[in-house]
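My notes follow in the order I made them.

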Amino acid sequence: MIKFILNCTIIIMVLLGLLFSTSPLANEYRKIQMETTKFGMQVVLTAQQCMGGELAVIMLKASELVTSSEPCLLYLVQISASDADKILITEVWESQQAHQASLANPEVLALIGKAKPLISDMSHQLGTPLNM
């Protein structure tokens, strides 16, 4: 009986996948995704205890620096509403290569050097911006 239920579940999932993959919305989404070359990233930096403000100041300086160059479309720095030691950053670049090139900038490297000792944890999620 369990095997029958599992087989039915798999068949339903395959059919739903086929239905979605041929729907007009799925086709429109694939088209949008293929047309964009932009690169996005969401970053969460967790500062050492009580160092969130100092880390935020460094990241604001980074924002000023990178947004003065054309390939950086957005570098938004926020402090988490629930944890003042968490700095949230949203980045949008013309391309992933433009983002990588920014990391070779001596001024950016200096800011990274100042920020590193303040960071206890970091996570990031890459993305493809759809509306920039």
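Before starting I wrote down a cut-off: buried means under 20% relative accessible area, exposed means over 50%, and partly exposed is in between (1.4 Å probe, protein chains only). I also noted that this is a predicted model, in which local features need pLDDT of at least 70, side-chain atom pairs count only at pLDDT 80 or more, and totals for chains, interfaces and linings use all residues. Residues are numbered from 1 along each chain as its sequence is written, and side-chain values use heavy atoms, with hydrogens and water left out.

**Entry 1: Ser80**

I looked up Ser80 and asked: is it buried or exposed? Its relative accessibility is 13%, so Ser80 counts as buried. I found Ser80 in the loop between strand S2 (72-79) and strand S3 (86-93). Here helices (H or I, at least four residues) and strands (E, at least two) are DSSP runs, numbered from the N terminus. A polar atom of the Ser80 side chain lies 3.3 Å from the backbone nitrogen of Asp83. That is a polar contact, a pair of N or O atoms within 3.5 Å; within protein, one must be able to donate a hydrogen and the other to accept it, and residues adjacent in sequence count only if both atoms are side-chain atoms. Setting aside neighbours within four places in sequence, I listed Lys86 and Leu88 as contacts of Ser80, where contact means heavy atoms within 4.5 Å.

**Entry 2: the whole chain**

I counted five helices and four strands in the protein chain. From the N terminus on, their order is α-α-β-α-β-β-α-α-β. Of the 132 residues, 30% are buried. Among contacts with a separation of 6 or more, 69% are between residues 24 or more positions apart.

**Entry 3: helix H5**

Which residues of helix H5 (residues 106-115) are buried? I found Val108, Leu111 and Ala115. Seen down the axis of H5, these buried residues fall within an arc of 60°, so they line one face of the helix. The arc is that of the directions from the helix axis to the C-beta atoms. On the face of H5 turned away from the buried side I found the exposed residues Pro106 and Lys114.

Next I checked what the buried residues of H5 pack against, and found helix H3 (52-67), helix H4 (96-102) and strand S4 (119-127). At the N-terminal end, Asn105 caps H5, with a side-chain oxygen 2.7 Å from the backbone nitrogen of Glu107.

**Entry 4: H3 against H5**

The axes of H3 and H5 are 10 Å apart, and the helices pack at an angle of about 170°. This makes H3 roughly antiparallel to H5, a label for angles over 145 degrees. Residues in the contact include Leu55, Ile58 and Leu65 of H3 and Val108 and Leu111 of H5. Axes are lines fitted to C-alpha atoms, for helices over the stretch in contact, and angles run from 0 to 180 degrees between N-to-C directions.

I found Cys50 in the loop between S1 and H3. Its relative accessibility is 66%, so Cys50 counts as exposed. Phi of Cys50 is near 70°, a positive value in a residue other than glycine. Most residues other than glycine have a negative phi.

Leu73 is in strand S2 and, at 31% relative accessibility, counts as partly exposed. From Leu73 to Glu94 I noted 21 residues in sequence and 6.9 Å in space, C-alpha to C-alpha.

How values were computed. Parallel < 35°, antiparallel > 145°, perpendicular 65-115°, else oblique.
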